[in-house]
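My entries follow in the order in which I took them.

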Amino acid sequence: MRIYGPNPAILEALRGSNIELILDVTNDKLQALSDAATANDWVRQNVLNYPDVTYRYIAVGNEIKPNDGRAQYVVPAMQNIHNAIVSANLQDQIKVSTSIDMSLLGNAYPPSAGSFSDSASSYMASVISFLANNGAPLLANVYPYFSYIGNSQSISLDYALLRSPGVVVQDGEYGYQNLFDAILDALYSALEKSGGSNVKVVVSESGWPSEGHAAATIDNAATYYQNLINHVNSGTPKRPGQAIQTHLFAMFDENNKGPEETERHFGLFHPDKQPKYQIRFN
């Protein structure tokens, strides 16, 4: 699972559960954690204090844009958090990364032409260098839903919902049957062009809303989540057979979110903990 900042009650509940965790450094802490002593304190308080929680990744910032004033602190904070993890001899268990959205791609079609935008390329170069040097994956939030609603005249709903019966996009030797794979392989192409051909991608968010837009229905969301679960073990055309570690967004509907109505309806569960869909994981 993923939590978007240290929450002592959640961390207590996870003790001894063997549930693997992505723990975020919140965006407002990035500047402070570019100081090594502060980063050491953060790791001690939120990681080392919970030795029986199974941390997998620390996400240093979520969806930071290159033109955000905080972008300059992402890699220094990653380095300091990593150094603190190394000091505790946990570097083989816990990898340090950051989570990006797909707006950093300047080109994503066809997938082989995937590249980072001019405004993102230098920012991503330093992130990728860190990840490659430390054997850490890039965390990526991948939403075919937003690509579909932004270009529904060119993208079919079946392609976005992973239910096309055959290849929709042929890109050289690679045939794409769904948009999720196409987005992910565009990101892999961008990584390859930026010195990150050995950097893996972990999908740190993917989901489909159930209300608030014509395409946001219970049926479509249930179809997306179930088809995604069924698909990710098989990998993408560029990385066949390599299971894609994927986190479904989100556990609960968030009634205080916005401004778009759909932002309140990404949950697998209603706020009263009742399941919205009948989802199978086997």
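Predicted model: local features only at pLDDT ≥ 70, side-chain atom pairs only at ≥ 80, totals over all residues.

Leaving aside neighbours within four places in sequence, I found Phe 180 in contact with Val 142, Pro 144, Leu 162, Val 203, Ser 206, Tyr 224, Leu 228, His 231, Val 232, Ile 244 and Thr 246.

I then looked up the largest nonpolar core, which has 83 residues. Phe 180 is listed there with Ile 58, Ile 81, Phe 116 and Met 124 as the members that touch the most other members. Helix α8, residues 179-193, gives the most to this core, with ten residues. Apart from this core I noted another, of five residues, among them Ile 22, Tyr 57, Leu 139 and Val 202.

Next I turned to the second largest pocket, whose volume is about 240 Å³. Of its 17 lining residues, Tyr 188, Lys 200, Val 201, Val 202 and Ala 243 are the closest to the centre. Strands β3 (55-62) and β10 (201-206) each supply at least two residues of the lining. I recorded the lining as nine nonpolar, five polar and three charged residues.

My last entry concerns Thr 54, in the loop between α3 (36-48) and β3. Not counting residues up to four places away in sequence, Thr 54 touches Asn 18, Ile 19, Glu 20 and Leu 21. The C-alpha atoms of Thr 54 and Leu 14 are separated by 8.1 Å, with the two residues 40 residues apart along the chain.

Conventions. Residues numbered from 1 in each chain as written. Heavy atoms only, no water. 1 Å grid on protein atoms, 1.4 Å probe; cavity = no way out; pocket = protein on both sides within 12 Å on 5 of 7 lines; lining within 4 Å. Points joined across faces, edges and corners; volume = space filled by probe spheres on them. Helix = DSSP H or I, 4+ residues; strand = E, 2+ residues; numbered from the N terminus. Nonpolar A, V, L, I, M, F, W, Y, C, P; charged D, E, K, R; others polar. Core = buried A, V, L, I, M, F, W, Y, C linked by side-chain atoms within 4.5 Å. Buried < 20%, exposed > 50% of the residue type's maximum accessible area, 1.4 Å probe, protein only. Contact = heavy atoms within 4.5 Å.
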